[in-house]
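The questions below ask what lies behind the terms used for a predicted model.

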Amino acid sequence: MSAVADTLTHWFNFPENIEKLMLPSRTHESRDNENKGFSSIPADILDTPKEFIFYLDVPGLSKSDIQVTVEDENTLVIKSGGKRKREEVEEEGCKYIRLERKAPQKLMRKFRLPENANVSAITAKCENGVLTVVVEKLPPPPKPKTVEVAIA
C-alpha cells in the first residue's frame, strides 16, 4: 500500500484525529497549567431552595473511574483518569471499520461553590452515563433581633 493510502486509511479509521485538528479543545474555560491534557465535562447546574444539583455527562465511565473532591474549601472538583473501554472483538479477522465515539483519556471540571454551600454534605451518584452531584445549602443566618429598650 502506498504512503498516501496508508495515511488516508489511518485518518478514516480514527476520526478523533481529525476532530482534534478541526475542533478547539474545550479546556479553554480554565487556563491553569494544571488543566493541560484534560477535557472539560459538559454540565448543567440546578439551583433549588435547599441544594445545588450538578448534572455532568460521563458516558461510558463507571463510578470507580470518577473522583469528586472539594479543594480550597469552596472549589468542587470532578475528574476522571479513567478511559471508556471499546468493545473487544472476539472473532479473528474482525476489525473496526469506523470509530466515531471519542474515548476521552482524562476529564476534569472545577466549580467555585457559593458561600452558602455546605461542603460537608455533598453526595454523588452515577447512572446511565450521567453523574449527579448534590451540594446541600447551609440554612440562612438568623436575622438579628432588635430589642427596644425603654428610656427612663
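Q: What share of the contacts in the protein chain with a separation of 6 or more comes from residues 24 or more positions apart?
A: The share is 55%. A contact requires heavy atoms within 4.5 Å.

Q: How do you know what pattern the protein chain follows along the sequence?
A: Helices and strands are DSSP runs numbered from the N terminus. The protein chain has 2 helices and 7 strands, and reading along the sequence gives α-α-β-β-β-β-β-β-β.

Q: What makes β1 and β6 the edge strands?
A: The open sheet consists of 4 strands in the order β1-β2-β7-β6, with antiparallel pairing. β1 (43-47) and β6 each pair on one side only, and they are the edge strands. From one strand to the next, the twist averages 15°.

Q: What joins β6 to β7?
A: Strand β6 (residues 117-127) is joined to β7 by 7 bridges, and the two run antiparallel. A117 has K137 in β7 as its bridge partner. The hairpin of β6 and β7 has 2 residues between the strands, and N128 there takes a positive phi near 50°.

Q: Why is β7 called largely enclosed by the rest of the structure?
A: A residue is buried at under 20% relative accessible area. In β7, 6 of the 8 residues are buried, so the strand is largely enclosed by the rest of the structure. In the protein chain, buried residues make up 26% of the 152 residues.

Q: What makes a set of residues a nonpolar core, and which have the most contacts inside the largest one?
A: Its members must be buried residues of the nonpolar types, joined through side-chain atoms within 4.5 Å. The largest nonpolar core has 16 residues, and those with the most contacts inside it are F54, L56, L76, I78, L131, V133 and V135. The elements giving two or more residues to this core are β2 (51-57), β4 (75-80), β5 (107-112) and β7 (130-137). In soluble globular proteins, nonpolar side chains tend to be buried together.

Q: Which residues does L56 touch, not counting residues up to four places away in sequence?
A: L56 touches I41, P42, A43, I78, F111, G129, V130, L131 and V133. Of these, I78, L131 and V133 are also listed with the most contacts inside the core.

Note on methods. Residues are numbered from 1 along each chain as its sequence is written. This is a predicted model: local features need pLDDT of at least 70, side-chain atom pairs count only at pLDDT 80 or more; totals for chains, interfaces and linings use all residues. Side-chain values use heavy atoms; hydrogens and water are left out. Buried means under 20% relative accessible area, exposed over 50%, partly exposed in between (1.4 Å probe, protein chains only). Two strands pair if DSSP finds at least two bridges between them. Axes are lines fitted to C-alpha atoms, for helices over the stretch in contact, and angles run from 0 to 180 degrees between N-to-C directions.
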